[in-house]
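Hi everyone, thanks for coming.

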Amino acid sequence: MMKKTTFALALTLTTALSTQAFAADVPAGTQLADDQTYTYRLLDESSSFDPQLVEDTDGSGIVRDLFEGLYNQDGNGKLAPGVALSHTVSADNMTYTFTLRNDAKWSDGNPVTAHDFVYAWKRAVTPELASPYAWYMELMSIKNGAEIIAGNAQPEDLGVSASDDYTLVVELSQPLPYFADMVAHSTTFPAPKWAIEAHGDKWTLPENIVGNGAYKLTEHVLKERSTRVRNEMYWNNENTVLDTVVALVIGDENQALTRYRAGELDKTDTPAGQYPTLKAELPDEAIAVPRLCNYYFSFNLASGPEAFQDVRVRQALALAVDRNVIVDQVLQGGQFPAYNFTPAATAGFESPEIAYAGMSQSERDAKAMELMAEAGYGKGGEPLSFTYLYNTSESHQQVAIVATQMWKQKLGVDVSLENQEWKVFLENRGAQNFEMARGAWCGDYNEASTFLDLLQSDSGYNDAKDNNARVDELLAEAKSSSDTTPLYTEVEQILADEMPVIPIYHYSANMMLKADVKGWPVNNVQQKYYSKDMYKVAK
Amino acid sequence: MLSYTLRRLIAVVPIVLILIVICFFLMRLAPGGPFTSERPLPPAVMKNVLERYGLDEPLYVQLWTYIKNIVFYFDFGPSFSQKDRTVNDLISQGFPVTLTYGFFSAVFVLVLGIPLGVVAALRHNSFWDYVMTGLAIFSQIFPNFVLAPLMVLLFTLAWGLLPGGGWNGGQWQYVIMPAVALGTSYMASVARLTRGGLLETLSAPYIRTARAKGLPERTILIRHALKPALLPVISYMGPVFVYMITGSVFIDIFFSTGGIGQNFIDAAYTRDYSVILGLAILYSVLTFALTLIVDLIYAWIDPKVRSGLK
C-alpha cells in the first residue's frame with residue numbers, strides 16, 4: 001500500500017507544452033501568394049515512406065509531412081504538440097504517460113488513437129520487419145526493446161501500452177531524461193494497421209497510403225518526383241497554408257541550381273564551394289545555418305601505427321591542423337572550427353573551455369612541434385608516415401590535402417591519401433582496416449549523448465577503438481543525471497587530453513531558399529522542417 | 001529465315017543464364033554489401049534484415065531461388081534500397097521513360113542524319129558538305145555532357161522556352177532536350193556514314209551502268225544506291241539504339257528523367273544486387289533482340305546475306 005501511494009505521488013507533471021496550434025505562423029497583414037505550391041530538390045530517391053522503414057534524411061522529411069508523431073519540433077528545435085498534447089513522467093524517470101489529442105484523424109477518417117502508436121512501436125522492433133532503425137528504438141530504452149530486437153522476447157512484451165484510446169504509457173528499462181525529445185523521430189510515428197494488413201509492402205504507394213500528417217501523398221514517380229497535397233482530415237488543416245509540396249529528385253547539384261535560378265525550384269542545396277559567390281549575388285536567398293553534425297579524423301588505436309599510441313603524437317597532429325583555413329578557405333560554407341566533439345548548437349550542451357581552443361594557431365603550431373620532438377618523431381626524430389583514408393568526395397579530398405600538407409610542413413610527417421568508394425570505405429573503417437580515417441556524425445536527437453556515445457568503449461561506431469573507463473562511467477552516469485553539464489564537460493576534457501579523434505569542424509547547412517518562402521526552420525539545428533509550418537508570400 | 005530467327009532466340013537463354021551467374025558472383029565479390037551503412041546495424045537487426053531478403057542462405061541457394069523466381073513467376077525480386085518497390089516496379093516505371101526519349105532520340109538521329117548525309121554526298125565538296133563536316137566536328141567538341149548544360153542554359157535559363165529537367169508524364173517539352181542531347185553526336189556519325197556509304201555506292205560500276213541506261217538520278221538514288229549505302233548505318237545503329245533505349249546514365253541524372261539509366265548507377269553504389277541483376281538481364285536481352293533485328297534488316301536489304309542465313 002505504501003509503495004502504491006508513493007508511486008502515485010511520484011507521478012509529477014514535467015511537461016505541459018503550449019497547446020497553441022503549431023502550424024504556419026503567418027504574421028497579421030501578410031499578403032499570401034495565390035499559388036501555395038512549394039517545390040524543392042532531393043538529391044536522391046527516398047528509401048521508403050513507411051515511418052518504421054525510412055532511413056534517409058530526405059525521406060524522413062517527407063514522412064514528417066505524411067505522418068505525425070507524439071511531438072513535433074518547432075522552428076527552434078523545441079518540442080511542440082503533435083498527436084500528444086502533454087506528458088507526465090514518474091519520479092524515477094522510468095514511466096512516461098502521454099495524453100493524446102482526441103481530434104486527430106487518419107486521412108481515411110479513422111481516429112488516431114494510442115493503439116496506433118502501440119502497434120507502430122511494436123512493429124518497429126519486430127524482427128520480421130527488420131527495420132533499419134530498430135537500433136533507435138533500442139536507444140530509447142523502452143522496456144524489453146533490446147531483447148525483442150535480439151529475438152529473445154516477443155513484440156507483445158514491449159513496454160508500451162494504451163490505457164485508453166488517448167493515453168499512451170511507456171515503460172523504460174533505464175531512466176532517460178531526454179526520452180521525450182526522441183519521439184519526434186519518424187520511426188516512432190503511428191502506423192495504420194488496417195492499411196498495412198490490406199496492402200502489405202505496397203501500403204505506401206499513393207493509391208494505398210493512409211497517413212495522419214498535414215499532407216497526403218498523391219503522386220510518386222520513382223527517381224523523378226513525389227507530390228503531396230493538404231490532408232483535409234488533419235486536425236490543424238485550417239491553419240496550414242501550403243497547398244502542394246513537390247519534391248523533385250535532381251542528382252546533379254549544379255543542374256539543380258540552374259533550375260532553381262530558372263524558377264523551377266523554391267529550395268535547393270548550395271553546390272560545394274559556391275556559397276560565398278551565391279551569398280554575394282543573392283544575399284536574401286543563400287542561407288548557412290548550424291547543423292547538428294561534426295567532422296573529425298579518427299586514429300586507429302587498435303591496429304594503427306605504433307606512434308599513435310603516444311598521446312603526444314596525437315595531440316601534435318591535432319594542434320597542427322589550422323581549422324580556420326579548412327573552414328574559411330577550403331569549405332567556405334559557414335562551417336564552424338571544432339575543438340571539441342559535440343557541436344555547440346546541441347541543446348542543453350555548454351561548450352567546455354578546451355585549452356587549445358583558446359590558443360592562436362602559431363601557439364598551437366609551436367606546441368605541436370614541441371610535443372612531436374618530445375615524442376621523438378617527425379623533423380629530427382624518427383620518420384612518421386601513415387595513410388589517411390577518406391571516401392570519394394571533392395570536399396573530403398580537399399580537407400585531406402590541406403591537413404596533410406600542414407602536417408608535412410609543420411611536423412615533417414608524411415601522409416599518403418587513400419580514396420575509396422563509400423561502401424568499401426565503410427567496410428574498411430568499420431573493420432579497422434585503416435591508419436587514420438575521416439569520420440562524421442549527425443545527431444539523431446538534440447542531446448549531447450547522440451555524439452558522445454560514439455566514443456564509449458563498446459560502441460559499434462567507435463572506429464578509433466579507444467578504451468577509456470572514465471568516459472564510459474561518465475556517460476553511463478549521464479543517462480540518469482538531471483545535470484549532465486559537468487559530466488559532458490569532463491568527457492570533452494578527457495577527449496581533448498587523450499585525443500582519440502581530432503575534431504575538425506561542425507557542419508552548417510547551406511541552401512538556396514526563395515525569399516518568398518517563409519517558415520523554414522533556420523534555427524532548428526536538426527533541420528526538421530514541416531511543410532505545415534511554411535507559407536509563400538506574394539512577391 | 002524463321003528457323004534462323006528461332007535458333008537465335010533459343011541461343012539467348014543459355015547466354016543470359018551464364019550472364020546471371022557471372023553477375024551474381026561478381027557482385028558478391030565486391031566489398032561492401034547492400035546493408036553496409038555508416039551506422040552499422042546491431043548484429044540481431046542485421047541478421048533479421050539478411051533473413052528478410054534471403055541473403056542469409058548459401059550463395060547457391062540464393063542463385064537458384066533467383067533464377068527460379070524469374071523463370072516461373074517473372075519476379076526479379078525486391079529492391080534493397082527502395083524498400084516498398086520490387087525490381088519489376090523499378091523497370092516498369094523507368095523503362096517506358098527511357099524508351100520514350102531513346103525512341104525520339106533515334107528518330108532525331110535518323111530523320112536528320114540520313115538526309116544530311118545524302119545531301120552532303122550528292123553535293124560533294126559544296127556548302128552542304130561543309131555543313132555536315134562542321135556538324136560532325138561540333139558533335140565531337142560538344143558531347144552530350146557539354147551540350148546538355150549548354151542547352152539548359154540557353155533554352156531554360158536565358159530564353160525560358162523549355163523546362164530544365166524532369167519528366168512530368170512525358171510531356172513533349174520535357175522530352176526535347178534529353179532526346180536531342182542524347183542524339184546529336186550519333187546524328188553526326190550517321191550523316192558521316194551515310195555520306196561515305198553513298199559516295200562509295202554512287203561510284204560503283206552498276207550505278208554507272210544504270211546512268212548509261214538513262215535512268216533518272218532520283219530513281220538511281222532511291223532504288224539502287226541508298227539501300228546498300230545504308231548498310232553501315234544499320235550496323236552502327238543497332239548497338240547505338242540499345243544504348244539509347246536502355247538509358248544514358250548522364251541524361252537520366254542530368255535531366256532527372258526517372259529513366260532506368262540512373263537506377264543502374266544508384267544500384268551499383270548501394271549494392272542493390274537484385275536491381276543490378278535485373279537491369280543486366282534487361283540490357284542483355286535487349287542487346288540480343290536488337291542485334292537480331294539488325295541482322296534481319298540486313299538480310300532484307302542484302303540478298304547475299306539472306307542466302308547465308310538459312
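**Salt bridges and the A–B interface**

Let's start with Asp365(A), which counts as buried at 13% relative accessibility. Buried here means under 20% relative accessible area, exposed means over 50%, and partly exposed is in between, with a 1.4 Å probe and protein chains only.

Before I go on, a word on what you're seeing: this is a predicted model, where local features need pLDDT of at least 70 and side-chain atom pairs count only at pLDDT 80 or more, while totals for chains, interfaces and linings use all residues. Residues are numbered from 1 along each chain as its sequence is written, chains are lettered from A and ligands numbered from 1 in the order in which they are written, and side-chain values use heavy atoms, with hydrogens and water left out.

Okay, back to Asp365(A). Which residue does Asp365(A) form a salt bridge with? The partner is Lys410(A), and the closest N and O atoms are 3.1 Å apart. By salt bridge I mean a side-chain nitrogen of Lys or Arg within 4 Å of a carboxyl oxygen of Asp or Glu. Asp365(A) lies in helix 11 (residues 361-375) of chain A and Lys410(A) in helix 12 (residues 394-411) of chain A, so the pair ties together parts that are 45 residues apart in sequence. Helices (H or I, at least four residues) and strands (E, at least two) are DSSP runs, numbered from the N terminus. Lys410(A) is buried too, with a relative accessible area of 17%.

Now for another pair: Glu490(A) and Arg470(A) form a salt bridge, with the closest N and O atoms 2.9 Å apart. This one links distant parts of the chain, with Glu490(A) in helix 16 (residues 485-498) of chain A and Arg470(A) in helix 15 (residues 469-478) of chain A, 20 residues apart. Glu490(A) is partly exposed at 30% relative accessible area, and Arg470(A) is partly exposed at 32%. Salt bridges that share partners bring Glu473(A) into one network with Arg470(A) and Glu490(A).

Then there's Asp103(A), which forms a salt bridge with Arg101(A), closest N and O atoms 3.6 Å apart. Asp103(A) is partly exposed at 37%, whereas Arg101(A) is buried at 7%. Over all chains, the structure holds 29 salt bridges.

Next, a hairpin. Strand 9 (residues 215-221) and strand 10 (residues 225-230) of chain A pair in the antiparallel sense over six bridges; pairing takes at least two bridges found by DSSP. Lys216(A) has Val229(A) in strand 10 as its bridge partner. Three residues sit between the strands, and Lys223(A) takes a positive phi near 65°.

Lys223(A) comes up again at the interface. Chain A and chain B bury about 4,200 Å² between them, 52% of it on carbon and sulfur atoms; buried area is the accessible area (1.4 Å probe) that two parts lose on being put together, summed over both. In chain A, Leu222(A), Lys223(A) and Lys423(A) lose the most area to chain B, together 18% of what that side buries.

How many residues of chain A are in contact with chain B? The count is 53, against 48 residues of chain B, with contact meaning heavy atoms within 4.5 Å. There are five salt bridges between the two chains, and Lys83(B) meets Glu55(A) in a salt bridge at 3.0 Å, N to O. That's it from me!
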